[in-house]
Amino acid sequence: MSRAEKIAKMATTTAGQAKQNSVASKKRKKARKGVLFEAHKHCVECSIPIPLSNDSMICDDENCRINQEKKEKSRKRLSILLYVGVGIFIIPIAIQLIGALT
Ligand SMILES: [Zn+2]
């Protein structure tokens with residue numbers, strides 16, 4: 001193989017590689033774009049992407065489900081406490097108002 005042939009071969013290989021690389025990067029960019037624009041949400045527990053069509057806020061993982069239920073329960077308890085607290089404040093005021101009106 002002559003020197004000129006070697007150089008020519010090297011040049012074509014590099015060109016081919018460059019083309020491949022550019023195709024690959026284009027594909028990668030496309031893939032990234034696809035992820036960016038694909039509608040999805042994240043599991044509130046482990047943050048893994050889940051499809052938007054999934055009605056629940058969590059993925060199918062058992063641990064996530066248990067944690068979410070715990071949180072839900074404590075949130076419910078907190079809101080009940082809030083209502084009870086407001087009630088405790090309001091009831092005496094209401095009684096006083098009724099007493100003042102009669
Ligand atoms: Zn999860």
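This is a predicted model: local features need pLDDT of at least 70, side-chain atom pairs count only at pLDDT 80 or more; totals for chains, interfaces and linings use all residues.

Me: Does Ile66 count as buried or exposed?
Reply: A residue is buried if 20 or more other C-beta atoms lie within 10 Å of its own, exposed if 12 or fewer, and partly exposed in between, with C-beta atoms placed from the backbone. Ile66 has 12 C-beta neighbours inside 10 Å, so Ile66 counts as exposed.

Me: Of the 40 residues of α2, what number is buried?
Reply: The helix α2 lies largely in the open.

Me: What distance does α2 reach from its first C-alpha to its last?
Reply: The expected span of a helix is 1.5 Å times one less than its number of residues. For α2, with 40 residues, 58 Å is expected. The model comes close to this, with a reach of 57 Å.

Me: How does Asp61 count by its C-beta neighbours?
Reply: Asp61 is found in the loop between β2 (49–51) and α2. Its C-alpha is 9.1 Å from that of Cys46, although the two are 15 residues apart in sequence. With 14 C-beta neighbours inside 10 Å, Asp61 counts as partly exposed.

Me: What is phi of Ser47 near?
Reply: Ser47 has its place in the loop between β1 (40–42) and β2. Most residues other than glycine have a negative phi. Ser47 is a residue other than glycine with a positive value, near 65 degrees.

Me: What pattern does the protein follow along the sequence?
Reply: The secondary structure comes to two helices and two strands. Read along the sequence, they give the pattern α-β-β-α.

Me: Which element has the lowest mean pLDDT?
Reply: pLDDT is the predictor's confidence in each residue, from 0 to 100. The mean for the protein is 83, and 81% of its residues reach 70 or more. Among the elements, α2 has the highest mean, 94. The lowest, 66, belongs to the helix of residues 3–37, α1.

Conventions:
Residues are numbered from 1 along each chain as its sequence is written. Helices (H or I, at least four residues) and strands (E, at least two) are DSSP runs, numbered from the N terminus.
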